[in-house]
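Keep the structure open as you read.

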Amino acid sequence: MKIAILDDYQNVALSLADWEALDAETTVFTEPFADAAGAVRALAGFDVVVAMRERTRFPPEVLEQLPDLRLLVSTGPRNAAIDLDAARRLGVTVCGTGYSASPTIELTWALILAAVRNLPEEAASVRAGGWQLSLGTGLHGKTLGLLGLGRIGSAVAGIGQAFGMKTIAWSQNLTAEKAAEHGVRAVSKGELFADSDVLSIHLVLSQRTRALVGAAELAAMKDTAILVNTSRGPIVEEDALVEALRARQIGKAAIDVYDTEPLPADHPLRALPNALLTPHIGYVSRDLYETFYGDAVADIAAFRAGSPVRLMT
């Protein structure tokens, strides 16, 4: 059996699970493929591919050119970058792994706190021999807006409440009763953008949510407000966000996700002083990676034994 482990940017996969138990030929790819053709060339001849979340896409035109592929394991329970219909048609079994939202919730608050207290700039000043540069902003009494109040959004709201923040939320299907279960007040979309001091996005990317935050929504925000996105980049119109930050229509953006990942080196977001950027590390933690890779090994063993587990449908 030949196994390919994809997009292991930190080169840690082999140290976090017992791959030797599979007695297979395992190859680790630490760099993203340039395009679909590059993925096809690199993965020719592999029986099993382990994909890290949605870093590499598997549309029909890629799967159709991998005739030896029998098992595709994705870390996490779902992967929008895999065409499941094409995989079924081609006889490729697709399995997932366990998952925890805790790392993303924690990173969301790391970004919020870093943004309101200007931590990157203050830390850089101390390292360079300087001292205090700015006046940070407190959170107590401010309004935290949640664009989406599911499992992650409601947990982020609870932490905001512990800081003494008012919490409001909106999504297409959110009811006042559901919001109240989490101590949150449901508001209109317009109120959410106009009233939030910190607005944090917690939605799944879909046709309904793509470009949900555009120029009009950004223009409605306070010029001191902070926009936080640890969900998916295309929920926010990236060009509109760049322009809003340049024009100081909003105070800051704290962003972990982008339209194109890795973020191109010349991307305009990188040059904006009011953009706090992290490299999609919301789920990147040792604990969760141990779950991902440990379950991936178990998925492969179960498939080889004829009883695949955690099938994606």
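K178 is partly exposed, with a relative accessible area of 40%. The model is predicted, and in it K178 forms a salt bridge with E181. The closest N and O atoms of that pair are 3.5 Å apart. E181 is exposed, because its relative accessible area of 59% lies over the 50% cut-off.

Now take D197 and K222. Their side chains meet in a salt bridge, at 2.8 Å from N to O. D197 lies in the loop between helix 8 and strand 9, and K222 in the loop between helix 9 (215-219) and strand 10, so the pair ties together parts that are 25 residues apart in sequence. D197 is buried, at 17% relative accessible area. K222 counts as partly exposed, at 30%.

A further pair is D47 and R70, whose side chains form a salt bridge at 4.0 Å, N to O. D47 sits in the loop between helix 1 (36-43) and strand 3 (48-51), while R70 sits in the loop between helix 2 (60-63) and strand 4 (71-74), so this bridge ties together parts 23 residues apart in sequence. Is D47 buried or exposed? D47 is buried, because its relative accessible area of 17% is under the 20% cut-off. R70 is partly exposed, at 38%.

How many salt bridges does a search of the whole structure find? It finds 10. Side chains of opposite charge can pair when their charged atoms come close. One group goes beyond a simple pair: D295, D299 and R310 are linked in a network of salt bridges. R310 is found in the segment after helix 11 (286-304). R310 counts as partly exposed, at 35% relative accessibility.

R310 also has a backbone feature to check. Its phi is near 50 degrees, a positive value in a residue other than glycine. R248 has a positive phi too, near 60 degrees, and is likewise not a glycine. R248 is placed in the loop between helix 10 and strand 11.

The largest nonpolar core has 30 residues. Which of them touch the most other members? They are L147, L218, L227 and L241. Strand 7, helix 8 (189-195), strand 9 (198-201), helix 10 and strand 11 (252-255) each give two or more residues to this core. Helix 10 gives the most, with five. In soluble globular proteins, nonpolar side chains tend to be buried together.

Some nonpolar side chains lie outside, though. L113, I159 and F163 form a nonpolar patch on the surface. Together they have about 210 Å² of accessible area. F163 is found in the loop between helix 6 (151-162) and strand 7 (166-170). F163 is partly exposed, with a relative accessible area of 34%.

E237, D239, D259 and E261 form a negative patch. E237 lies in the loop between strand 10 (226-229) and helix 10 (238-246). At 35% relative accessibility, E237 counts as partly exposed.

E261 brings us back to the backbone. The peptide bond from E261 to P262 is cis, with omega near -5 degrees. P262 is found in the loop between strand 11 and strand 12 (275-277).

How values were computed. Residues are numbered from 1 along each chain as its sequence is written. This is a predicted model: local features need pLDDT of at least 70, side-chain atom pairs count only at pLDDT 80 or more; totals for chains, interfaces and linings use all residues. Side-chain values use heavy atoms; hydrogens and water are left out. Patches are made of residues with over 30% relative accessible area and no salt bridge: like charges are joined within 9 Å, nonpolar side chains (Val, Leu, Ile, Met, Phe, Trp, Tyr) within 5 Å. Accessible areas come from the Shrake-Rupley method with a 1.4 Å probe; for residues, only the protein chains shown count as cover. Helices (H or I, at least four residues) and strands (E, at least two) are DSSP runs, numbered from the N terminus. Buried means under 20% relative accessible area, exposed over 50%, partly exposed in between (1.4 Å probe, protein chains only). Lys and Arg count as positive and Asp and Glu as negative; His and the chain ends are not counted. The place of a charge is taken as NZ of Lys, CZ of Arg, CG of Asp or CD of Glu. A nonpolar core is a set of buried Ala, Val, Leu, Ile, Met, Phe, Trp, Tyr and Cys residues joined through side-chain atoms within 4.5 Å.
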